[in-house]
Amino acid sequence: MISEVSYKFGINVIHNNKRICLDPTKQIHCDLIFVSHAHTDHLHQTRSLNATPKIITSNVTSKIAKHRGYILGTEFKEHNFHLLDSGHILGSKALLIEDELYYTGDISIRPRAFMKPAFIPKAKILLIESTFGIPDFIFPKIEDIIQETNYIISKMYNDGIPVVLTGYPLGKAQILSFIFKHWQPIYVHDSIREYNNIYSKFGVNIDNYKSFSQAESEGLLSPNRPWILIAPLSSSRKGFLHYVKEKYNPITIGFSGWAIKSNYKFILGLDYTFPLSDHCDYNELLAVVKKCDPDMVYTFHGFADQFAYSLTKMGYNATPINRKKVTS
């Protein structure tokens, strides 16, 4: 029985007198911690392994988190809890507590390369992320994005111009590495190569591309011949991307759900941007709610207030949960 849902450094749920912390951003007092995936905004630093609550997470998430410097603690399996694919990144899971509560974590129901869509169960209470929870965020088909990107790359290759594809280094970069592997040569930022290797160890067929630093040291990069670099998404006006732009003058293409906004590429100083996301868009979030068919919906992250309001107008009992207690 769920007796409370609240927010303190992450979502907290009281189930059968046990406090369960969902993706806490710091270590707090609770009986169980659920970690949905290994992005750093869903991880916390453990102060002491002796004081660490039992951890519910996937083996893949535990391994990637350890690579990122986060020791999650002892993994635990609770027979009334079920880990369901959330479709976000490799190893990402949603949590189903009996048939009472479904916590999505970050979620995608859109197939992307090797990523399968999330599995959506029926549940009485739905805790759903709402990163893109307003109607402004409706993404095009991934096939159209791939086609447009391939067209740009082919034009650049024909003119002997290198291309940099940018995305979040864990999750998005591996999808880019997979989708555009037919172009050669491809190099990857050193941090992305490390994550690609982890994905490969878990059965994702990503080529063992040379790292940027290796390619540069071997003299393989030139502003006058075509090649592709997959790099972390950032501003081209500073840092690594600025260095690459200044030295090799490539065309830069960024991939993010936020690219649905027309000014996004100008903010980052990129040549092209496409709304390729590892989250649900607005319509997909509505589809999750409809399929789950809950009695109560709690929204969190992003446009939580606006998405809860939209659901309320549609007849759902919905409220945002960020930073406040909502039931007791």
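Contact, in this talk, means heavy atoms within 4.5 Å. Helices (H or I, at least four residues) and strands (E, at least two) are DSSP runs, numbered from the N terminus.

What you see above is a predicted model, where local features need pLDDT of at least 70, side-chain atom pairs count only at pLDDT 80 or more, and totals for chains, interfaces and linings use all residues. Residues are numbered from 1 along each chain as its sequence is written, and side-chain values use heavy atoms, with hydrogens and water left out.

I start with the helices. Helix H1 covers residues 59–67, and its Val60, Thr61, Ser62, Ile64 and Ala65 are buried. Buried means under 20% relative accessible area, exposed means over 50%, and partly exposed lies in between (1.4 Å probe, protein chains only). What do the buried residues of H1 pack against? They pack against helix H4, residues 190–201. Just after H1 comes glycine 69, with a positive phi of about 95°.

H4 also packs with helix H3, residues 172–179, at an angle of about 75°, and the two axes are 10 Å apart. Axes here are lines fitted to C-alpha atoms, for helices over the stretch in contact, and angles run from 0 to 180 degrees between N-to-C directions. H3 is therefore roughly perpendicular to H4, a label for angles of 65 to 115 degrees; under 35 is roughly parallel, over 145 roughly antiparallel, and the rest oblique. On the H3 side the contact is made by Ala173, Gln174 and Ser177, and on the H4 side by Ile192, Tyr195, Asn196 and Tyr199.

Now the sheet. Five strands form an open sheet in the order E1-E2-E3-E4-E5, with mixed pairing. Two strands pair if DSSP finds at least two bridges between them. Strand E1 (2–7) and strand E5 (54–56) are the edges, each pairing on one side only. Strand E4, residues 32–34, runs parallel to E5 and is joined to E5 by three bridges. Within that pair, isoleucine 33 has isoleucine 55 of E5 as its bridge partner.

Last, two single residues. Is serine 108 buried or exposed? Serine 108 counts as buried because its relative accessibility is 0%. Serine 108 sits in the loop between strand E8 (101–103) and strand E9 (125–129). Glutamate 143, by contrast, is exposed, at 52% relative accessible area. Glutamate 143 belongs to helix H2, residues 142–158.
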